[in-house]
Amino acid sequence: MLQETIKAIRTSKGLSQEELAARLHVVRQTVSKWEQGRSVPDADLLIALSEALETPVSTLLGETAVETEVDRVQAIAEQLEALNRQLARRKAAKRRLLHGLCLAVCGAVIAGFAALLVWGSPYLAWDYGEPETAVLGVAVHSLEWAFVRAAPVLLLAAAVGAFWTRGKK
């Protein structure tokens, strides 16, 4: 039991047998014998061993070394949980941004149609005898024509996007 505990805690701390032996002022073979169960440390070395491994003597003598492994697994689980929460917040923020963008596009398309209804295409009554007026009238008519053709598709796509990105209750 003691040999397994010493080895498990030593390796979990990232120490080699040489490093642990140097901290305890013993030779590496002494640490090796402890870990193989061929000898045990005396009381003074057991206290020094617990200090070197930063582990209570009671843990070395009988409590399972698995607790340190469980603590490490628990710490990793908590870190993963924090990362998952952070990723979920980022994903939710992106979803809210996309939802707002889709709603803004819907609003802009509806406002464009309302403006066209109120405006009523006044360029149709312009005098196209002057070249500048004719070019401007054709340009405005082309933009209006393109908007009227593309806006329903854009409105539908934005409405579907807003529906898909809506918040879940």
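## Basis of the values

Local features in this predicted model need pLDDT of at least 70, side-chain atom pairs count only at pLDDT 80 or more, and totals for chains, interfaces and linings use all residues. Residues are numbered from 1 along each chain as its sequence is written, and side-chain values use heavy atoms, with hydrogens and water left out.

## Salt bridges across the chain

Side chains of opposite charge can pair when their charged atoms come close. The whole structure holds four salt bridges (a side-chain nitrogen of Lys or Arg within 4 Å of a carboxyl oxygen of Asp or Glu). One of them joins R10 and E35, at 2.4 Å from N to O. R10 sits in helix α1 (residues 2-12) and E35 in helix α3 (residues 28-36), so the bridge ties together parts that are 25 residues apart in sequence. Helices here are DSSP runs (H or I, at least four residues), numbered from the N terminus. R10 is buried at 7% relative accessible area. E35 is buried too, at 10%. The cut-offs are under 20% for buried and over 50% for exposed, with partly exposed in between (1.4 Å probe, protein chains only).

E54 and K13 form another salt bridge, at 3.7 Å from N to O. This pair also links distant parts of the chain, 41 residues apart. E54 is in the loop between α4 (43-52) and α5 (57-61). K13 is in the loop between α1 and α2 (17-24). E54 is exposed, with 63% relative accessibility. K13 is partly exposed, with 40%.

R85 pairs with E81 in a salt bridge, and their closest N and O atoms are 3.0 Å apart. Both residues belong to helix α6 (residues 66-119). They are four residues apart, about one turn of the helix. R85 is partly exposed, with a relative accessible area of 41%. E81 is partly exposed as well, at 47%.

## Nonpolar surface patch

L156, V160, F163 and W164 make a nonpolar surface patch of about 490 Å². Patch residues have over 30% relative accessible area and no salt bridge; nonpolar side chains (Val, Leu, Ile, Met, Phe, Trp, Tyr) are joined within 5 Å, like charges within 9 Å. Accessible areas come from the Shrake-Rupley method with a 1.4 Å probe, and for residues only the protein chains shown count as cover.

V160 lies in helix α7 (residues 131-164). V160 is partly exposed, at 34% relative accessibility.

Note on methods. Helix = DSSP H or I, 4+ residues; strand = E, 2+ residues; numbered from the N terminus.
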